[in-house]
Amino acid sequence: MPFSANSTSDRLSGAASRSKTVMSRNDIIEIGLKRLNDLGSHHICHVCISNSGSCCRNCVHLRDGLGCQKRNTSCTAWLCGFHKYFMYEMNFLDDWNAFWDQIPGQDYREDYTPELVSVTQPLPQADPAIARLGEALAADLQEIERSNIAIGFILTLREKLDKYMDQLLHSRLDYKKQLRLQRKIKSLTIGFSRFHRELNQYRETLADQGT
Ligand code: SF4
Ligand code: SF4
């Protein structure tokens, strides 16, 4: 991360079974980027980057006007607080983490991932309807940043979300702690009005469809 909307092919997206699949390192990166794009995550990155929040800042692999010159499994798998929260609400975060947990050799801004990796947990397709939720969240973030006097307000929000999301993921067996953290996250994201409206509609549609 971050990433742009013009990702490449998705040859392995139909892999729905839990049987072992051998994937190339490039395919792993491509499928990750494709999923992020399907989720509309680039809308969120766009707002973050335009407010000086890029996670690629000062990276030696970043070229002006050209973007990342050393795309790797680590940066593709990595999620900031916004994306953790977004995938969590989309019920996609566990699938995302389970997929990347299988990929060896992830490091900071580079990888030592082998050219071929055996994968048993596929990365499911994202519902195309989700993309508009990414747009809605991006619009909320832009509005929140615009209406706050403190410059970089959304970046502080991103870090708090990151902290609470990590705590939430690591306290699955502690129901009370989970509830406390869910309340904190709800309070932090109270300004995401467009996103929550879209999210409710999305969930209602899923419920009507019986999924
Ligand atoms: S910190 Fe998150 S939202 Fe910002 S550019 Fe990186 S991945 Fe995108
Ligand atoms: S390698 Fe550097 S430029 Fe490329 S995605 Fe990672 S942080 Fe960004």
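Which residues touch the most other members in the largest nonpolar core? I opened the notebook with that one. The model is predicted. In the core of 40 residues, the answer is Ile44, Phe82, Leu137 and Leu161.

**Core, by element**

I then looked up where the core residues come from. Helices H1 (25-38), H2 (41-50), H4 (81-89), H5 (93-101), H6 (131-147), H7 (153-169) and H8 (175-188) each give two or more residues to this core. H7 gives the largest share, six residues.

**Ile44**

Ile44 lies in helix H2. Is Ile44 buried or exposed? I found 28 C-beta neighbours inside 10 Å, so Ile44 counts as buried; the cut-off for that is 20 or more.

Next I listed its contacts, leaving aside neighbours within four places in sequence. Ile44 is in contact with Phe82, His83, Phe86, Gly134, Leu137, Ala138 and Leu141. I also checked one pair across the sequence. Ile44 and Glu135 are 91 residues apart in sequence, yet 7.1 Å apart in space, C-alpha to C-alpha.

**Leu137**

I turned to Leu137. Not counting residues up to four places away in sequence, Leu137 touches Ile44, Phe86, Phe192 and Phe195.

**Whole chain**

I stepped back to the fold. The protein chain has nine helices and six strands. Its radius of gyration is 17 Å, close to the 17 Å that the globule rule gives for 211 residues, so the chain is as compact as a globular protein of that length. I read the span of the C-alpha trace along its principal axes as about 45 × 45 × 30 Å.

How much of the chain is buried? Buried residues are 33% of the 211.

**Ligand 2**

Which residues are around ligand 2? I noted Cys56, Cys59, His61, Leu62, Cys68, Lys70, Arg71, Asn72, Cys75 and Arg109. By class, this shell has five nonpolar, two polar and three charged residues.

I finished with H9, residues 193-208. This helix has 16 residues and reaches 23 Å from its first C-alpha to its last. That is close to the 22 Å expected at 1.5 Å a residue. Just after H9, I found Gly210 with a positive phi of about 70 degrees.

Technical notes. Residues numbered from 1 in each chain as written. Chains lettered and ligands numbered in written order. Predicted model: local features only at pLDDT ≥ 70, side-chain atom pairs only at ≥ 80, totals over all residues. Helix = DSSP H or I, 4+ residues; strand = E, 2+ residues; numbered from the N terminus. Rg over C-alpha atoms; globule rule 2.2 N^0.38 Å. Buried ≥ 20, exposed ≤ 12 C-beta atoms within 10 Å, placed from the backbone. Near = placed C-beta within 6 Å. Nonpolar A, V, L, I, M, F, W, Y, C, P; charged D, E, K, R; others polar. Core = buried A, V, L, I, M, F, W, Y, C linked by C-beta atoms within 7 Å. Contact = placed C-beta atoms within 7 Å. Expected span 1.5 Å × (residues − 1).
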